[in-house]
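Subject: Structure handover

Hello,

Here is the structure I promised you. Please open it first, then read my notes below with the chain in view.

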Amino acid sequence: MLKKRFDNIDTRILKALQRNGRLQNNELANEIGLSNSACLRRVNHLEESGVIDNYVALLNPKKVNCNLIVYALGSFFEEDPELKERFIFEVKLIPQITAGSFDFLLKLNVSDLDQFNYIKNTYLNSRLGIKTLKSEVTLKTVKSTTELPL
């Protein structure tokens with residue numbers, strides 16, 4: 001059985017900040033039912049302990065010409081640790097890639113299929129020891145969230 005990591009108040013603070021990271025402390029305190037100082041102490045503790053890692057702006061992919069999401073699944077020719085390290089290094093240089101692991105699974109946010117093909121032909125090839133590459137194109141996003149279940 002998993003030990004509960006946060007009390008009810010911390011959980012409510014984290015859920016509220018996941019929905020809106022721009023909440024002012026007084027708005028958050030009011031929503032949670034705490035005094036401003038108690039709420040600020042808790043948020044500071046969550047930040048200092050690394051539970052709250054960062055605050056970011058979420059961009060609308062369509063408004064910044066990232067209309068297409070492609071998942072690329074691949075495998076390597078052989079179990080070569082140096083090639084895998086080189087692959088990881090190279091993949092980190094491609095801004096359209098937002099996730100990756102396994103032999104590998106990459107999520108690419110690209111403007112269109114031409115941009116994906118350019119990235120595939122330029123980076124995701126046998127030069128990095130890639131034997132196979134399968135891609136899946138997302139036709140419609142039904143749900144997209146950054147919230148983690150607490």
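Start at E90. Leaving aside neighbours within four places in sequence, E90 is in contact with Y123, R127 and L128. E90 lies in helix 4. Its relative accessibility is 16%, so E90 counts as buried. Keep in mind throughout that this is a predicted model.

One of those contacts is a charged pair. R127 forms a salt bridge with E90, and the closest N and O atoms are 3.9 Å apart. The cut-off for a salt bridge is 4 Å. The pair links distant parts of the chain: R127 is in the loop between helix 5 (113–122) and strand 4 (130–137), while E90 is in helix 4 (residues 81–92), 37 residues apart. R127 has 39% relative accessibility, so it counts as partly exposed.

Salt bridges

How many salt bridges are there by this rule? The count comes to five.

D7, D10 and R42 are linked in a network of salt bridges. Here are the two pairs.

- D7 and R42: the closest N and O atoms are 3.0 Å apart.
- R42 and D10: the side chains meet in a salt bridge at 2.8 Å, N to O. This pair also links distant parts of the chain, with R42 in helix 3 and D10 in helix 1, 32 residues apart.

D7 counts as partly exposed at 36%. R42 counts as partly exposed at 23%.

Helix 1

At the start of helix 1, a side-chain oxygen of D7 reaches to within 3.2 Å of the backbone nitrogen of I9.

The length of helix 1 checks out. It has twelve residues, and at 1.5 Å a residue they should span 16 Å. The end C-alpha atoms are 17 Å apart, which agrees.

Which residues of helix 1 are buried? They are D10, T11, I13, L14, A16 and L17. As a general point, an α-helix has 3.6 residues a turn, so residues three or four places apart point the same way. What covers the buried residues of helix 1 includes helix 2 (25–32) and helix 3.

L46 and V51

Now go to L46, which is found in helix 3 (residues 36–48). L46 has a relative accessible area of 1%, so it is buried. Not counting residues up to four places away in sequence, L46 touches F6, D10, I13, L14, V51 and I52. Of these, D10, I13 and L14 are among the buried residues of helix 1.

V51 is in the loop between helix 3 and strand 1. It is partly exposed, with a relative accessible area of 28%. Leaving aside neighbours within four places in sequence, V51 is in contact with R5, F6, L14 and L46.

Two C-alpha distances are worth checking on your screen. L46 and C66 are 20 residues apart along the chain, and their C-alpha atoms are separated by 33 Å. V51 and P81 are 30 residues apart in sequence and 32 Å apart in space, C-alpha to C-alpha.

N65

N65 is also in the loop between helix 3 and strand 1 (68–76). What stands out in its backbone is phi. Phi of N65 is near 60°, a positive value in a residue other than glycine. In general, most residues other than glycine have a negative phi. N65 counts as partly exposed, because its relative accessibility is 45%.

A surface patch

Which residues make the nonpolar surface patch of about 230 Å²? Y71, L73 and L105 make it. L105 is found in strand 3 (residues 105–110). At 37% relative accessibility, L105 counts as partly exposed. Patch residues must have over 30% relative accessible area, so L105 passes that cut-off.

Best wishes

Note on methods: Residues are numbered from 1 along each chain as its sequence is written. This is a predicted model: local features need pLDDT of at least 70, side-chain atom pairs count only at pLDDT 80 or more; totals for chains, interfaces and linings use all residues. Side-chain values use heavy atoms; hydrogens and water are left out. Patches are made of residues with over 30% relative accessible area and no salt bridge: like charges are joined within 9 Å, nonpolar side chains (Val, Leu, Ile, Met, Phe, Trp, Tyr) within 5 Å. Accessible areas come from the Shrake-Rupley method with a 1.4 Å probe; for residues, only the protein chains shown count as cover. Helices (H or I, at least four residues) and strands (E, at least two) are DSSP runs, numbered from the N terminus. Buried means under 20% relative accessible area, exposed over 50%, partly exposed in between (1.4 Å probe, protein chains only). Contact means heavy atoms within 4.5 Å. The expected span of a helix is 1.5 Å times one less than its number of residues. A polar contact is a pair of N or O atoms within 3.5 Å; within protein, one must be able to donate a hydrogen and the other to accept it, and residues adjacent in sequence count only if both atoms are side-chain atoms.
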